[in-house]
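Let's take a friendly walk through a protein model, one piece at a time. Have a look at the picture first, and then we will start with a pair of helices.

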Amino acid sequence: MPALSYDQVRQLNSYSIFTEEPQRPLFTLANLHKDFYLTDFLNLMMGITNAATEAAAISHFGRRYGMFVAMQFYMLTTYDEVWDGKPEDLRFAMVPEFGIHTLGMYINPNDFRYVEDDERERVMSDILYKTSVVIGQLRKTTSISPLILWENIFGYMLWHFHTLLANPALADRAFEDLDMLEEKNVWRYFSDKSLFLNYTGGKSPSALINQPVRKSCCFSKDIPGLMACGFCPIK
């Protein structure tokens, strides 16, 4: 298992992913895979966010989990590493952030492993498939479009690829990974097309920064203390 560097931990922390034990864990990713827990989960998210609607509360969780998914691709491109822990090892706890309460994610830093070139596509497919399963579970809690939940994730990924492609030391690898994401093969376990390509329209991430890329509203405007994301297609 590779030891995470200070820079890696700092980058994870910037996306509310922490490598120590949470003092008061609320639930784990494994809990979300159990249908009987989903009612409690929805009530918990409504309480944490004080959201005006159930869809807003679930979308907020999708954004938080989206930070974790996006960091998986960032770590893969930057360090050839991936988090390989079990669902019960991804824990969620309440944290204060910018004056509101939200969810932080806690992982064991020893759960990262190196990724060989010949397994890169399989690792990407695995990340995306596991994400699709979580999205499927979230959709069981309330009426919410899968497009909203995927776009919550893709917004973070778009920014990461924008910065990685601008780094001469990482640009080649970033182009390779971006090409793989835009091919339908890595999505084959649950989609007949690349959902990321559908999101970007094949345009360079750098060309889409500060542009209204989203086709759906993330409902952040319906959570006290948050504002509309600035790229909302619903005016």
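In which hand does H5 cross H6, left or right? The crossing of H5 past H6 is right-handed, meaning that the near helix is turned clockwise from the far one by less than a right angle. This is a predicted model, in which local features need pLDDT of at least 70, side-chain atom pairs count only at pLDDT 80 or more, and totals for chains, interfaces and linings use all residues. Residues are numbered from 1 along each chain as its sequence is written, and side-chain values use heavy atoms, leaving out hydrogens and water.

Helices (H or I, at least four residues) and strands (E, at least two) are DSSP runs, numbered from the N terminus. The axes of H5 (residues 120–139) and H6 (residues 146–165) come within 10 Å and cross at roughly 135°; axes are lines fitted to C-alpha atoms, for helices over the stretch in contact, with angles from 0 to 180 degrees between N-to-C directions. Contact means heavy atoms within 4.5 Å. Residues making this contact include Leu128 and Ile135 of H5 and Trp150 of H6.

Now turn to the sheet. Four strands form an open sheet in the order S1-S5-S4-S2, with mixed pairing; two strands pair if DSSP finds at least two bridges between them. S1 (17–18) and S2 (27–28) are the edge strands, each pairing on one side only. S2 pairs with S4 (residues 91–97) in the antiparallel sense, and Phe27 has Phe92 in S4 as its bridge partner.

Phe27 and Phe92 are also among the contacts of Phe61, leaving aside its neighbours within four places in sequence.
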